[in-house]
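Q: I have a structure open here and would like to talk through how its parts pack together. Could you take me through it?

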Amino acid sequence: MQEAILAASDQGARDHVRGDNRLTAEDRIHIYARSYRQRLVECLESEYPLLAGLAGPTAFQLFAQGYIAAYPSRSYTLYDFGARFADWLDAARPPGNPQAVEAIPGALARIERTRAEVHRARGVEGAGPAWPGIDPAIAELLAMAGTRRFYRPDSMRLLALPFDFSEMLAGGEPIPPRPDPTLLAVARANYRVSCLPLEPWQYDWLVLLPDDPAQAVPADAAVANWLPFAVAQGLVASV
Amino acid sequence: MTQPRLGLPNPGDGLGLREEHFPHLMSTPPENWGVDWFEAITENLLDNHGWGMRVFEHVAAHRPVVFHGVSLSIGSTAPLDLAYLGKLRDLAERFRPLWISDHLCWTGVQGVNSHDLLPLPLTEAALAHVADRVRAVQDFLGRPLIVENPSTYLEFRASQMPEAEFLARLCERTGCGLLLDVNNVHVSSFNHALDPLEYLDAIPAEHVVQVHLAGPSDHGTHLIDTHDAPVPDAVWPLYAHVWQRCGPVATMVEWDANIPAFDVVAAELAKARRVREGLPLAA
């Protein structure tokens, strides 16, 4: 029966399934087959709304149906289903120029998947601010004095992309991106997820931060000015 | 003799916890929710450390909660997913739900999850198989499993007994409870041209721990359990019949697509109260 549903095939249905004058055995198998695809397509549409908007319904359906066939769900949760969508889109496009228009779906899917993961990731909400109500200048001094050590929370992910999606991300509208390499942090603060552009030095510092609070490190003096912002946006956490 | 509801409490009238209602629940004082308890989809809580979990913590701090799963796959021939069950047990230890339910179905084999509630051939062999698995799950969780009757769109030629008999014998063999989804009885009875009252009368009343109500979609030749509409008129007399046989019992309205405002869903519960009191649906 599973093969019949996944492949939308009704071969042999009458041998196993009862039909009647309202619905044949084949009709009844197809109810499950349609429902299977519809549920997974809706799952992808819900997780990738910007890509669905940018690609349009016909192209997105093609993407979704191809992905469903290639990677049927193997998890107890639908939250895992879309995890490989960006990789699949990248693998399905012609190889070559990373800034070709065909590379846009994979890059955008990577952002949307990361946002979905950050929504559910273990965050730092409830841990309290690193320096509650403190002046940023004093915060800088504290950081330089090494009184705090920092780590990268699971609710912050880094992306290096061949396109600049900032207009799309700011307005939530499917505006085509510019072919400019972009460094991005997807981070959660107070349960709100943001996509924040990064300077190369900020990205490099965050990449090197440990993700385990037990291995937190003192701040680099070069990032001290930026730390209050980074903490407030959920880019780093302190112990 | 088995105690009513297996000795489990009747928390009253509940709703399914849905993301669309998070803003309402977080901005409304709990004393004004107008709902006695909440049912959370188990898979929405597992591995979730975000806003959904924060809202659930708030809800669970103010109301009794139950867990309702869709991926246990109790009817599958694949081995039980012990990683899933381990996470479910940890979650239950943390939140102490009144009970844990899932469906009489299978969701996939060979590692695939269709995320659908697929029907079983209702045979003696399937009954023995499901009973073994229910017992294993109950031993693992340390509590009775509450099993829901699914909506079905096909019946197997190999089936040897009606679904209600299968469930009754499953209860007898395992001591499990039942989540009697009255809408599912309506949907399956329509789809297979069966008598819903006959189905309900074959259910062992003392095992019914919870009742589901929901609205299906009508496709002319068949009904689909879409949970996207008010409870249809045809379901209310069935609910009244269930209440007479099994009540008082926890009653819950499910609404999972085209979800309206919280008050609209809660109004379906008010209808359930009127039905129990023998009043017309409209005030």
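Q: How many residues does each chain put into the contact?
A: In this predicted model, the contact takes 29 residues from chain A and 28 residues from chain B.

Q: And which elements of chain A give two or more residues to the side that touches chain B?
A: Those elements are helix H1 (2–6), helix H3 (25–47) and helix H6 (104–120) of chain A, and the largest share, 7 residues, comes from H3(A).

Q: What's the split into nonpolar, polar and charged on that side of chain A?
A: The residues of chain A that touch chain B divide into 13 nonpolar, 8 polar and 8 charged.

Q: Switching topic, what does the domain assignment give for chain A?
A: The assignment gives domain 1 (1–92) and domain 2 (121–239) of chain A, and the C-alpha centres of these two domains lie 37 Å apart.

Q: Now chain B: how do the axes of H7 and H9 cross?
A: The axes of helix H7 (residues 182–191) and helix H9 (residues 235–246) of chain B come within 9 Å and cross at roughly 125 degrees, and the crossing of H7(B) and H9(B) is right-handed. The two helices are therefore oblique to each other.

Q: Which residues meet there?
A: On the H7(B) side they are B:Val182, B:Asn183, B:Val185 and B:His186, which meet B:Val235, B:Leu238, B:Tyr239 and B:Val242 in H9(B). The residues of this helix contact divide into 6 nonpolar, 2 polar and no charged.

Methods
Residues are numbered from 1 along each chain as its sequence is written. Chains are lettered from A and ligands numbered from 1 in the order in which they are written. This is a predicted model: local features need pLDDT of at least 70, side-chain atom pairs count only at pLDDT 80 or more; totals for chains, interfaces and linings use all residues. Axes are lines fitted to C-alpha atoms, for helices over the stretch in contact, and angles run from 0 to 180 degrees between N-to-C directions. Helices (H or I, at least four residues) and strands (E, at least two) are DSSP runs, numbered from the N terminus. Angles under 35 degrees count as roughly parallel, over 145 as roughly antiparallel, 65 to 115 as roughly perpendicular and the rest as oblique. A crossing is left-handed if the near helix is turned anticlockwise from the far one by less than a right angle, and right-handed if clockwise. Two residues are in contact if their C-beta atoms, placed from the backbone, lie within 7 Å. Ala, Val, Leu, Ile, Met, Phe, Trp, Tyr, Cys and Pro count as nonpolar, Asp, Glu, Lys and Arg as charged, and the others, Gly among them, as polar. Domain bounds come from an automatic or database domain assignment.
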